[in-house]
Amino acid sequence: MGLLRRLLGREQAWVERWAVYPGEVGGRLAMYNIDLGAVEAAPVTRFPQRYDVEFAYTGDGASGMPAAAELNSIHTLDAAVRQVLRSAGGALVGRVLSDNAGRITGYLPANTNPPPLPPIDGLAPTAEVSSDPGWTRVREELTPDAWQRNIMDDNQVVQELEAHGDRLSLPRAVEFLAYFPDPERAEASAQELREDGFAVTVERGDEGDFVLQAIRRDAVEPPALHEATWKVRGIVESHDGIYDGWGCMVQG
């Protein structure tokens with residue numbers, strides 16, 4: 001059945017993998033909710049038309065993000081846009097919220113006229129179809145940068161800890177791992193990390209590389225967590241190492 005669906009062009013061209021992460025648009029806080037599967041697949045030739053839905057919201061009065069009471073309407077709009085795209089043979093790609101405005105983006109087959117959106121309480125969305133065979137909006141505006149990907153990596157670990165009842169604000173031994181092609185670069189990275197309070201060891205790995213382990217007691221509560229992991233990643237990569245993330249025991 002999967003092969004038949006692919007041959008008929010009915011099966012999605014990627015596996016959905018959604019992520020939420022912060023960023024900026026025009027110097028203002030933005031929140032991205034993006035299908036990374038679509039980002040990695042872009043451009044998808046059978047979806048040359050872009051479908052954008054734009055809307056405004058009152059917001060919380062400070063950050064430009066929606067007020068809590070508006071989130072239900074935005075989620076309802078998300079679901080409505082997904083249904084419109086599916087009914088027209090297309091796919092949802094993502095949403096960006098910033099400065100009291102939102103935009104939901106999807107892609108459609110050629111020469112497709114999607115049905116109108118239903119009314120959404122508290123919002124007045126407008127929809128537009130345009131040609132974008134190169135998926136320029138995805139590649140230029142919706143693809144996460146290195147900092148955002150670091151946040152997503154952190155959040156995966158944080159979500160696993162929270163699922164086990166972790167109290168993220170409690171300090172604990174946090175372990176980082178990295179790999180280097182030679183001992184000189186591993187030791188250079190280790191020295192910088194020691195100066196930042198880490199206990200660091202470097203050992204030869206089973207595959208001939210050099211494994212760095214760095215441990216320091218820290219809480220693992222965002223956003224301070226992201227600053228700490230970004231700094232470790234930067235030190236490792238500045239010495240041509242491969243950063244392999246972090247882990248810790250659950251603190252209940």
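**Loops, then helices**

Guide: Start with Pro223, which sits in the loop between strand E9 (210-218) and H7. Helices (H or I, at least four residues) and strands (E, at least two) are DSSP runs, numbered from the N terminus. This is a predicted model: local features need pLDDT of at least 70, side-chain atom pairs count only at pLDDT 80 or more, and totals for chains, interfaces and linings use all residues. Residues are numbered from 1 along each chain as its sequence is written, and side-chain values use heavy atoms, with hydrogens and water left out.

Visitor: What kind of peptide bond joins Pro222 and Pro223?

Guide: A cis one, with omega about 5 degrees. Another cis bond joins Ala42 and Pro43, at an omega of about -5 degrees. Pro43 is in the loop between helix H2 (36-41) and strand E3 (49-56).

Visitor: And H7, at what angle does it pack with H5?

Guide: About 120 degrees between helix H5 (residues 146-163) and helix H7 (residues 224-238), with axes 10 Å apart. Axes are lines fitted to C-alpha atoms, for helices over the stretch in contact (heavy atoms within 4.5 Å). Angles run from 0 to 180 degrees between N-to-C directions.

Visitor: Which residues of H5 and H7 meet?

Guide: Among them, Trp147 and Asn150 in H5, and Trp230 and Arg233 in H7.

Visitor: New topic. What is phi of Asp240?

Guide: About 65 degrees, positive although Asp240 is not a glycine. Asp240 lies in the loop between H7 and strand E10 (242-247).

Visitor: Where does Asp99 lie?

Guide: In the loop between strand E4 (91-98) and strand E5 (101-108).
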